[in-house]
Structure formats: structure tokens, C-alpha cells
Amino acid sequence: MANIEATPTSTTPALKLYSPEELHPSEKFWVTIQPFLLSRGYELRSRYHPGWTPSWLQAGGKTLYLCDDSLATGFKMIDATHIDDNLKVVIRKVPTKTDELPILLLLSSPSLQADPRNCTVPILDVIILPGNDDTALIVMPMLRDFGNLSFRRVGEVVELFEQLVHFLAFLHEQNISHMDFCWFNIMMDGSRVVPKGWHFFDQFSHDGISSGEFEWVDRWSARPVKYYVIDFELSQRRKSKDHPRLLVGSWGQDRSVPEMSFITPSDPFKVDVYQLGNVIRKLMMNYMGLDILKALVDAMTNPDPRKRLTAEESSEQFSIFRKKCSKRVMKRRIWRNEPPLPPLTSVERFLVKYLMYNPLN
């Protein structure tokens, strides 16, 4: 796949195409620090080694699309391997001018990590770059997007909701507003769901280049599945609960928050609640069979922030809801509103429910 970059002109922007054998300017940053990262115990893919020669151009080389070094990443984040234990990790740039690094270090402290509600992405290492005061690097385990493998039972969504709603209450207890508690900042530990692992560039491939079947198991059989929240770049910490910090503007992925305004200040803590509620509401729209979550989601996404639940109230209301959920309800099958093609027949639904037929693999 070619990289594309806008090249401005005096009239309209033009698009510059980068062929797979040509490094995008943003990739070159990683090439320059590859030796330093190697000295810290992190191995980047061969594409990001100084003097890299595309393997598919070498004598006897494989076809382009069968070569791992044809896969370009390395914009804000890059995949790597921790040499000592062969652990797949992600290294991410963090601007030092934001509160992100101090907040992450606080949430990663032993005392806060001991709280079972803490779903902050684990920070495995912090790397200070020599001669660079503007950017630091954080090292995280390689996680999966939480929503790109199908949910199949009510209990799988409830497990996700439970972890996130309690984490948001925990976060607000620390006087921290995430300010982007949205879909693409929620990740999952997929090690139990995808035992063979996945490639950072292509999460539906075990190695990024093979065209064989992608193997995974449903979350219900792999439970518990751990979920994490990433990207604290917009996050802020207020001095105390007695000093609310109201903000103007529009921030984060979810721009549907009713009170966001460039004129009238809004409470980022109430915005967090709305954003999480909207994540679950999107799941309810994507799947049939999640109506039991509607009352709580509606209360979390009330268009009037004064009537909207706080994170603490949302956590308490969820706990009450969860106690009422029977095992039978949790095991109940849910279905995508966009069913696989061709649509499942009543016979196929019977096979799924009782005879372990699996049309979604």
C-alpha cells in the first residue's frame, strides 16, 4: 500500500505517493533512533534499520506482498520486539509539553496499579531521547482494538462496560479527566482471544503477510478479557474537586457531545461520562440483543449535563444493574445488525445456538 502525503501548492493541495520501497518522512524518525532503541533492548522491523534494502528487490526475493518489510507504520507509534523476552510492544511518541507523561506515571504508580479498577494501559518503559526536550517515548504492550472482533454474547459487552465504567470513576477520583474517552482509545488484551497473536499493521493476520485463515476464539470462552484505555494526550488533572476546570472548544473523537462549545465552558468530567455512554450506545446500535443496557446508557448520555450521571453514579448504577443479571442473561447470544452475507437463516441460527456452528470466523 502506498503512503500518501499532501503537498501544498499555490492553488490546491497535491497528493504525493510513496511507493513501498520509499520511506515516508515520518518513518525516518524511527530510522535515526533505531540504534539507540536497540541499545535499550528494542528491535524494530528491518524496514527501520539504517541502510535498509527492500527484501523484495533483492535477488531471489519474495513477492512484495509476502514481505514484512513492505508494511509501513511508524507515524506516531511503531511496533517493536523486546529482545530479552521476545514480547511484542508498541513504542509511542509523547509530547513533553502536555500532561500526558506525568498523568501516565501517576496512574502507573504501584499504589494506583494495585486498584483493580485501574485500566490504564501498562507503561513498560519510558525512554528519554538524547538531545530532544520536546518528545519522550513510552513503551506499551501490543494490544488490539477492542471492537474489531465480533461480540457474541451479552456478557462479553457487560464485561467491557463493567471495566470501563468503574475505571472512569477511578480516574475521576484522581481528579483526572481523560477528555477523549472514545472508541479508538479503548483496547483489549487479545492474548487469550487470539492465541497465535496478530500483526501490528494488520490485526486480522497473524504475521502481516500470510493469507491463511485468521484464528480466534470468542471472548466468552476466553474470559476474563482485560480492556485498557490509551492516549492521555488531552487529559488534565485539576488541583482538587473543589476547583472544577471548565473548558471551551471541541476535543476528542466524539464531537456529538451536546454541551461542547467554543463560547460556553463545559465540564470535562461530564463529557467523559457522555463519551463512554456513547461507546456503549454505538455497540447497542451495532448489535441486536443489548437493550438491557439502555436505561443506564441513556442516563449517561443525557443531553443536559446537569441531569447526566457522574462517573461515580454511573459506577454505582452499573453495580446495581450487574447484580440483577443472571447467568442465563449473560450467556444470551447477540447478533450484528449488519449480518454476514448471506443473512443467517433460522436453521443457521439454531446451529449457532445449539451445535457450535460458527459463521463469523
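The side chain of Thr-301 makes a polar contact with the side chain of Arg-281, at 3.5 Å. A polar contact here is a pair of N or O atoms within 3.5 Å; within protein, one must be able to donate a hydrogen and the other to accept it, and residues adjacent in sequence count only if both atoms are side-chain atoms. The model is predicted: local features need pLDDT of at least 70, side-chain atom pairs count only at pLDDT 80 or more, and totals for chains, interfaces and linings use all residues. Residues are numbered from 1 along each chain as its sequence is written, and side-chain values use heavy atoms, with hydrogens and water left out.

Stay with Thr-301. A polar atom of its side chain lies 2.8 Å from the backbone oxygen of Val-297. Thr-301 sits in the loop between helix H7 (294-300) and helix H8 (311-323). Helices (H or I, at least four residues) and strands (E, at least two) are DSSP runs, numbered from the N terminus. Thr-301 is buried, with a relative accessible area of 6%. Buried means under 20% relative accessible area, exposed over 50%, and partly exposed in between (1.4 Å probe, protein chains only). Setting aside neighbours within four places in sequence, Thr-301 is in contact with Tyr-274, Gly-277, Asn-278, Arg-281 and Arg-308. Contact means heavy atoms within 4.5 Å.

Next, the helix packing. Two packed helices are described by the angle between their axes and the distance between the axes. The axes of helix H4 (residues 154-173) and helix H6 (residues 268-286) come within 11 Å and cross at roughly 175 degrees. H4 is therefore roughly antiparallel to H6. Axes are lines fitted to C-alpha atoms, for helices over the stretch in contact, and angles run from 0 to 180 degrees between N-to-C directions. Angles under 35 degrees count as roughly parallel, over 145 as roughly antiparallel, 65 to 115 as roughly perpendicular and the rest as oblique. H4 contributes residues including Leu-160, Phe-161 and Leu-164. Among those from H6 are Phe-269, Asp-272 and Leu-276.

Now the backbone. Most residues other than glycine have a negative phi, and most peptide bonds are trans. Met-179 has a positive phi of about 75 degrees, although it is not a glycine. Met-179 lies in the loop between strand E9 (176-177) and strand E10 (186-188), and is buried at 4% relative accessible area. Asp-231 also has a positive phi, of about 60 degrees. With 22% relative accessibility, Asp-231 counts as partly exposed. The peptide bond from Arg-223 to Pro-224 is cis, with omega near 0 degrees. Pro-224 is placed in the loop between helix H5 (219-222) and strand E11 (227-229).
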